[in-house]
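Dear colleague,

Please find the structure below. The findings follow directly after it.

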Amino acid sequence: MVRLRAVVHDERMNALIGWMLTGIVALTAVESLLTGAFLWGGVALLVVVVIAVPTVVTGEWTVMVPWPLPLVAAAAMIVRALGIYGEIAGYFAIATLALIVVIELDAFTLVEMTRRFAVAFAALMTLAVQGIWTIAQYYSDLWLGTGFLHSQRELQLDIVIVTGIGIAMGVLFEWYFEKMEHVGSHTSPIDLSE
């Protein structure tokens, strides 16, 4: 029980696990770029950059989002890199990226969100990220000859599925942070004054 408490409540442990998982995401970015999957490499690099923003801004390596978020991002990127369930991995990668942005806004800025608003905002952010992802896929197909977009029906289905995953992840993570009071969440923010 003591070890579980440290994994959830200790800033250094959170940062250590989070940075290891972020390193895995960075490695999948390199793998994607080396194998010609430039769009996926770009998404993975964007995830790394977004995770690193609080650390860069504060200059403290322990200031980062709760490690379960990089865990979901790393799992999605690994699954995509292995070539199994790539589409589903993409949904989770987009929803996780949006959720990381929402959690960072809530935990590391003056923005305060109620639980319901945070979940709704995470869903809207997921839609926004999916919109950017769709535009990137369109131009990738046009300029690089990739085959991301097949039909309008599939595109609409992608938007519906990723929105559902975004809402489900928002609800799940809000519940988790409320119950566990995980360090780095809005219920247990990292003290930036130290």
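Arg 80 is buried because its relative accessibility is 14%, where buried means under 20% relative accessible area, exposed over 50% and partly exposed in between, with a 1.4 Å probe and protein chains only. Arg 80 forms a salt bridge with Glu 31, and the closest N and O atoms of the pair are 3.4 Å apart. A salt bridge is here a side-chain nitrogen of Lys or Arg within 4 Å of a carboxyl oxygen of Asp or Glu. The pair links distant parts of the chain, with Glu 31 in helix H2 and Arg 80 in helix H4 (residues 68-82), 49 residues apart. Glu 31 has a relative accessibility of 27% and therefore counts as partly exposed. The structure holds one salt bridge. Side chains of opposite charge can pair when their charged atoms come close.

The model is predicted: local features need pLDDT of at least 70, side-chain atom pairs count only at pLDDT 80 or more, and totals for chains, interfaces and linings use all residues. Residues are numbered from 1 along each chain as its sequence is written, and side-chain values use heavy atoms, with hydrogens and water left out.

The overall composition is as follows. The chain has seven helices and zero strands, these being DSSP runs numbered from the N terminus (helices H or I, at least four residues; strands E, at least two). Along the sequence the pattern reads α-α-α-α-α-α-α. Of the 194 residues in the chain, 44% are buried. Among contacts with a separation of 6 or more, 72% come from residues 24 or more positions apart, a contact being heavy atoms within 4.5 Å.

Two helix pairs are described next. Helix H2 (residues 11-34) packs with helix H3 (residues 38-58) at an angle of about 155 degrees, and their axes are 7 Å apart. Axes are lines fitted to C-alpha atoms, for helices over the stretch in contact, and angles run from 0 to 180 degrees between N-to-C directions. H2 is therefore roughly antiparallel to H3 (under 35 degrees counts as roughly parallel, over 145 as roughly antiparallel, 65 to 115 as roughly perpendicular and the rest as oblique). The contact includes Trp 19 and Leu 33 of H2, and Phe 38 and Trp 40 of H3. By class, this contact of H2 with H3 has 13 nonpolar, five polar and no charged residues; Ala, Val, Leu, Ile, Met, Phe, Trp, Tyr, Cys and Pro count as nonpolar, Asp, Glu, Lys and Arg as charged, and the others, Gly among them, as polar.

Helix H5 (residues 86-108) and helix H7 (residues 152-180) pack at about 50 degrees, with axes 9 Å apart. H5 is therefore oblique to H7. Among the residues in contact are Glu 87 and Tyr 91 of H5, together with Asp 158 and Glu 174 of H7. The contact of H5 with H7 has 12 nonpolar, three polar and four charged residues.

Glu 174 lies in helix H7 and counts as buried because its relative accessibility is 4%. Glu 174 and Arg 116 are 58 residues apart in sequence and 8.9 Å apart in space, C-alpha to C-alpha.

Finally, Tyr 85 sits in the loop between H4 and H5. Its phi is near 50 degrees, a positive value in a residue other than glycine. Tyr 85 is exposed, with a relative accessible area of 62%.

Yours sincerely
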